Amino acid sequence: MEKQTILTGIRPTGHLHLGHYFGAGKNWVKLQDQFETYIEIADVQALTDNFNNPDKVRRSVRDLVIDLLSIGIDPNKATMFIQSTIPEIAELTVFYSNLVTIARLERNPTVKTEIKQKKELFGESGEGITYGFLGYPVSQAADITAFKGNLVPVGEDQLPLLEQCREIVRKFNHIYGETLIEPEAYLSDIPRIKGLDGNEKMGKSLGNAIFLADEPDVVTKKIMGAVTDPNKIKIDDKANPDICMVYYYHKLIGNKNLKTVCSECQAGKRGCVACKKELVTEMLEFLRPIAEKRKYYEANPDEVEKILKEGSKKAKKVAEETAKEVKTSMKINYFD
Ligand code: TRP
């Protein structure tokens, strides 16, 4: 069997939330035991739409690595690295940018959604949409191919980016000769996690997320405000758990009492407040081991620093090798 390499990435713009964890992170923890795994902290990508907020990106790199260590990413198994420390990725991005049309980038559904959100924020004039932002799928293709990643475990929203990467790889190999590996997506069994408000997607900017780093009082407040079946008004009204976010999260985090939660809800034998309180207890129990690990790493910043430094060093070697092959294929290896 061909050697399998996992490459995935995440933008440092804040802490991980449950959507990240169940949509992708949980898979990363599982896959690190089986495959060569690289996890990129995509600070350059984060800067494409946070270029005016370098402090936020800088702070989030550390927050994110601690989140990743806390969910069980083991630095002895997975290589975590910072994108900007590897200039070869930027170099590949420039080469690949010739292989992508502007029209194709504008058609990318993920980019399209993000542009729409930006237009809502900045107005129709398109202010806020930079050349760098429009081109981030090209940079993401460089991330993946630099490590010869052939499996990319991501949430559903990333599929169009992966498709764009595959197109770039095919075009590159067609023009310059077989050089790059065409990656495949590896989806979680729940590739998209709903928000507390019932929105189809949990998202930081949507304000409907529970973050892994949330303090217990914040988790409690968020859960007490979660959306339930709107037709259930009185405590003994019968309700439909399938449209209740509280039930959804009971299920998501694996409440052992799930059957009872469901049947009591349907029979009108369970009030929403009690049901939410039970979820708070379960959720805090679920988050506790993660919070404990976080405490450890927050008290040991030198260890975190070392993990990132060594990971970035190791990753750079791999990317250097690929960049060399790419330049040879493109006949720009002048002094070899
Ligand atoms: N686009 C991803 C996000 O928004 C981050 C990312 C950067 C990524 N490079 C990647 C994901 C490579 C998968 C593979 O979080």
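How much area is buried between domain 1 and domain 2, and what percentage of it do carbon and sulfur atoms give? The model is a predicted one. In it, about 880 Å² is buried between the two domains. Carbon and sulfur atoms give 71% of that area. On the side of domain 1, L18, F22 and S70 lose the most area to domain 2. Together these three residues make up 51% of what that side buries.

Now step back to the domains themselves. The protein chain is divided into two of them. Domain 1 is written in two pieces, 5-193 and 301-329. Domain 2 covers 216-294. The C-alpha centres of domain 1 and domain 2 lie 34 Å apart.

Next comes the contact between them. Domain 1 brings 13 residues to it, and these touch nine residues of domain 2. Polar links can be counted too. Two residue pairs are in polar contact between the domains, with both residues at pLDDT 80 or more. The count of salt bridges between domain 1 and domain 2 is one. Look also at D67, which forms a salt bridge with R294. Their closest N and O atoms are 2.9 Å apart.

Which elements give two or more residues to the side of domain 1 that touches domain 2? They are α1 (18-31) and α3 (54-71). Helix α3 supplies the largest share, with five residues. By kind, the residues on this side of domain 1 divide into eight nonpolar, three polar and two charged.

One joins D33 to K77, with the closest N and O atoms 2.7 Å apart. D33 lies in the loop between α1 and β2 (36-41), and K77 lies in the loop between α3 and β3 (78-82), so this pair ties together parts that are 44 residues apart in sequence.

Y96 sits in helix α4 (residues 87-96) and F172 in helix α9 (residues 159-176), so the pair ties together parts that are 76 residues apart in sequence.

Key:
Residues are numbered from 1 along each chain as its sequence is written. This is a predicted model: local features need pLDDT of at least 70, side-chain atom pairs count only at pLDDT 80 or more; totals for chains, interfaces and linings use all residues. Side-chain values use heavy atoms; hydrogens and water are left out. Domain bounds come from an automatic or database domain assignment. Contact means heavy atoms within 4.5 Å. Buried area is the accessible area (1.4 Å probe) that two parts lose on being put together, summed over both. A salt bridge is a side-chain nitrogen of Lys or Arg within 4 Å of a carboxyl oxygen of Asp or Glu. A polar contact is a pair of N or O atoms within 3.5 Å; within protein, one must be able to donate a hydrogen and the other to accept it, and residues adjacent in sequence count only if both atoms are side-chain atoms. Helices (H or I, at least four residues) and strands (E, at least two) are DSSP runs, numbered from the N terminus. Ala, Val, Leu, Ile, Met, Phe, Trp, Tyr, Cys and Pro count as nonpolar, Asp, Glu, Lys and Arg as charged, and the others, Gly among them, as polar.
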